Amino acid sequence: MPVSYAEGGAAIVSDTILSVSDVRARYGDEHILKGVSIDVPRGSIVALLGPNGSGKSTLLKAIYGLNVKRSGTILFRPQGREAVDLLRLKPHEVTAHGVNLVPQLANIFPDLSVYENLEIGSIGDRKRTVERIERVVGVLPLLRHLLRRRAATLSGGQRQTLGIARALMSEPELLILDEPSAGLAPNIVDGVFAQVQEINRRGVSLLIVEQKARQCLAIAHYGYVLDQGRNQIDGPSARLLEDPEMIRLYLGARRRQPESH
Amino acid sequence: MLNEWHMGSLLLQLIYNGLVEGAILALTGLGATLVWGIQRVANFAHGDYMTLGAYVAFLLDVTWSTNPVVAAIGTVVATAALAVGLHFILLRPLRGRGLVALSLITVGLGLVLRNALFLVAGSQPRQYAFNQTAVIDLGFVRVAPAELWTGIAAITAVPAVAAMLAWTPLGKTMRAVADNRDLAEISGIDTDGIGLYVWIVAGALAGLGGAMLALVQGTFDPNLGFNVLFLILTVVVLGGIGNAFGALLGGLVLGVVMEVSTWPPFFGGVPTQYQPVVGFVVLILLLMFRPQGILGRARVL
Ligand SMILES: Nc1ncnc2c1ncn2[C@@H]1O[C@H](COP(=O)(O)OP(=O)(O)O)[C@@H](O)[C@H]1O
Ligand SMILES: [Mg+2]
């Protein structure tokens with residue numbers, strides 16, 4: 001069978017860095033997630049796909065505890081003796097444990113300089129700020145000449161890069177990206193995916209929400225599809241790219257991919 | 001000739017006064033904009049925090065005869081403590097109720113503070129123990145001792161606060177939270193815990209601004225700060241809500257514009273009692289042509 005149809009309660013595979021099982025989430029009375037389960041293996045890139053409004057961003061907010069009521073199980077480093085129950089933490093504490101998130105919109109501090117954006121990123125360990133800025137600028141060199149600029153003046157691609165750089169400043173083990181390619185010109189999109197791969201090569205595990213499903217699966221190791229707040233299809237990305245059901249429902253024609261904003 | 005010379009020196013005098021008044025508006029407006037941007041409260045009691053500061057300074061200066069520096073420090077500590085106390089007792093338990101509800105509560109809070117002062121201190125005008133008739137010639141302007149002290153306070157406090165915002169971790173953290181609260185939280189900042197520091201800064205600056213305003217006016221009563229509340233809120237909007245540097249700049253600009261508008265060569269000079277109208281006109285013009293504030297940026301959602 002090419003794909004498994006996980007319906008809650010995915011088993012924890014060996015060396016998982018993030019394990020989400022049977023998570024429900026709501027905004028007030030609006031129930032958005034109705035039992036979602038995903039695993040992120042350590043060192044991997046996991047793609048989280050699905051149509052607009054299916055609850056992908058809501059799942060990321062639920063993992064982080066941002067502005068959404070959630071229940072279920074969300075464990076960071078689930079196997080170790082010090083498994084961290086993210087449901088008990090505030091967002092800034094999640095970051096302190098080694099996670100970071102780049103939201104889809106509003107992912108920089110526009111009134112601050114690029115340098116200050118990076119400084120805020122390592123607020124948890126200020127002594128190492130300068131060293132970390134050097135390292136992050138090494139990974140994302142296009143920022144090197146922008147450090148003095150006010151972040152509000154950056155272009156879309158530069159903003160996205162700064163958003164990722166800000167998140168890397170806390171040296172996360174797990175980096176979560178919400179549609180990093182949204183709204184960017186096609187040539188810049190390639191650059192963003194290349195950045196993601198480079199970050200992964202340096203040992204960071206990644207969970208990425210994307211609308212550009214084919215491109216994202218091309219760099220991901222594993223993929224999940226959410227629809228209407230539930231798991232639909234999941235599997236290794238090479239298999240998903242060839243699965244007829246997946247192609248028919250979620251990958252569409254080769255040349256036309258759904259855009260989202 | 002003599003008249004022209006006189007007008008020139010009067011203009012310098014007005015600019016000096018405007019900068020001092022502008023510094024008062026800048027310092028208090030900064031506190032109000034941080035509170036608004038970070039704590040999500042338009043604090044209508046901010047003027048009354050100032051008034052309380054003026055009375056604490058009066059207690060220290062006149063009743064207990066301490067020197068002006070000690071009085072200033074005592075005042076700042078007292079109003080910071082008041083602001084922090086009210087944060088924990090009243091505003092923090094009510095957080096999350098929305099900007100309008102919380103702001104309406106501060107209207108009531110201001111009323112209570114004001115009337116408490118009328119009750120305790122009485123309505124008679126008070127003045128500090130400065131010689132009101134002495135004149136010190138600084139070369140370009142001649143000032144009374146009280147004006148000299150407020151000038152010194154303005155010249156030290158505004159750059160000190162600007163440096164704190166620009167270079168210290170607390171300053172950067174507060175600007176980050178005001179700019180993008182969720183992202184600040186994601187970056188590892190305890191955005192709930194930062195409220196304590198915001199109120200310390202806002203309260204301290206309100207107290208300092210209140211004592212300075214009382215000095216500038218010569219006499220004051222329990223309505224001192226309430227009378228300038230509108231100007232403080234104008235400064236917040238002028239600078240862009242939550243924009244710290246915008247409030248500092250907005251306050252200074254508003255102070256100078258209001259003073260210089262009374263200069264006779266400027267359309268015969270606006271009568272002093274209409275100065276707030278000038279502030280109102282500045283606000284309307286700004287809202288028409290630059291609704292995001294001087295340093296604010298257009299916010300997309
Ligand atoms: N803050 C919110 N309050 C209420 N409903 C929301 C909120 N954010 C998102 N939603 C709703 O939740 C559903 C899922 O949204 P989202 O998780 O953003 O989808 P996706 O990221 O997959 O496009 C949508 O129907 C959306 O309208
Ligand atoms: Mg989304």
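This briefing describes the two chains of the structure above, the interface between them and several individual residues. The model is predicted. Chain A has nine helices and 10 strands, whereas chain B has 11 helices and two strands. The two chains bury about 2000 Å² between them.

**Chain A: overall form**

- The radius of gyration of chain A is 18 Å, in agreement with the value near 18 Å that a compact globule of 261 residues would have.
- Taken along the principal axes, the C-alpha atoms of chain A fill a box of roughly 50 × 45 × 35 Å.
- Buried residues account for 54% of the 261 residues in chain A.
- Of the contacts in chain A with a separation of 6 or more, 68% are between residues 24 or more positions apart.
- Chain A exposes about 11600 Å², and 50% of this area comes from carbon and sulfur atoms.

**Chain B: overall form**

- The order of elements along the sequence of chain B is α-α-α-α-β-β-α-α-α-α-α-α-α.
- For chain B, with 301 residues, the radius of gyration is 19 Å, which agrees with the value near 19 Å for a compact globule.
- The C-alpha trace of chain B spans about 65 × 45 × 35 Å along its principal axes.
- Of the 301 residues in chain B, 53% are buried.
- Residues at least 24 apart in sequence supply 75% of the contacts in chain B between residues at least 6 apart.
- In chain B, the mean position of the 13 positive charges lies 11 Å from that of the 13 negative charges.

**Helix α6 of chain B**

- Helix α6 of chain B covers residues 169–179, and nine of its 11 residues are buried, so this helix is largely enclosed by the rest of the structure.
- The buried residues of α6(B) include the charged-type side chains Lys172(B), Arg175(B) and Asp179(B).
- Also buried in α6(B) are Gly171(B), Thr173(B), Met174(B), Ala176(B), Val177(B) and Ala178(B).

**Interface between the chains**

- The size of an interface is often expressed as the accessible area that is lost when the parts come together.
- Of the area buried between chain B and chain A, 56% is on carbon and sulfur atoms.
- Leu183(B), Ile186(B) and Ser187(B) provide 29% of the area that chain B buries against chain A, more than any other three residues.
- The contact involves 21 residues of chain B and 26 residues of chain A.

**Individual residues of chain A**

- Asn67(A) is not a glycine, yet its phi is positive, at about 55°.
- Asn67(A) lies in the loop between α1 (56–64) and β4 (69–76) of chain A, and it counts as exposed because its relative accessibility is 54%, over the 50% cut-off.
- Glu171(A), also not a glycine, has a positive phi of about 50°.
- The loop between α5 (156–168) and β7 (174–178) of chain A holds Glu171(A), which is partly exposed at a relative accessible area of 29%.
- Ser181(A) is in the loop between β7 and α6 (186–201) of chain A, and it counts as buried because its relative accessibility of 1% is under the 20% cut-off.
- Not counting residues up to four places away in sequence, Ser181(A) touches Val189(A), Phe193(A), Glu210(A) and Lys212(A).

Note on methods: Residues are numbered from 1 along each chain as its sequence is written. Chains are lettered from A and ligands numbered from 1 in the order in which they are written. This is a predicted model: local features need pLDDT of at least 70, side-chain atom pairs count only at pLDDT 80 or more; totals for chains, interfaces and linings use all residues. Side-chain values use heavy atoms; hydrogens and water are left out. Helices (H or I, at least four residues) and strands (E, at least two) are DSSP runs, numbered from the N terminus. Buried means under 20% relative accessible area, exposed over 50%, partly exposed in between (1.4 Å probe, protein chains only). The radius of gyration is taken over C-alpha atoms; the globule rule is 2.2 Å times the number of residues to the power 0.38. Contact means heavy atoms within 4.5 Å. The place of a charge is taken as NZ of Lys, CZ of Arg, CG of Asp or CD of Glu. Buried area is the accessible area (1.4 Å probe) that two parts lose on being put together, summed over both. Accessible areas come from the Shrake-Rupley method with a 1.4 Å probe; for residues, only the protein chains shown count as cover.
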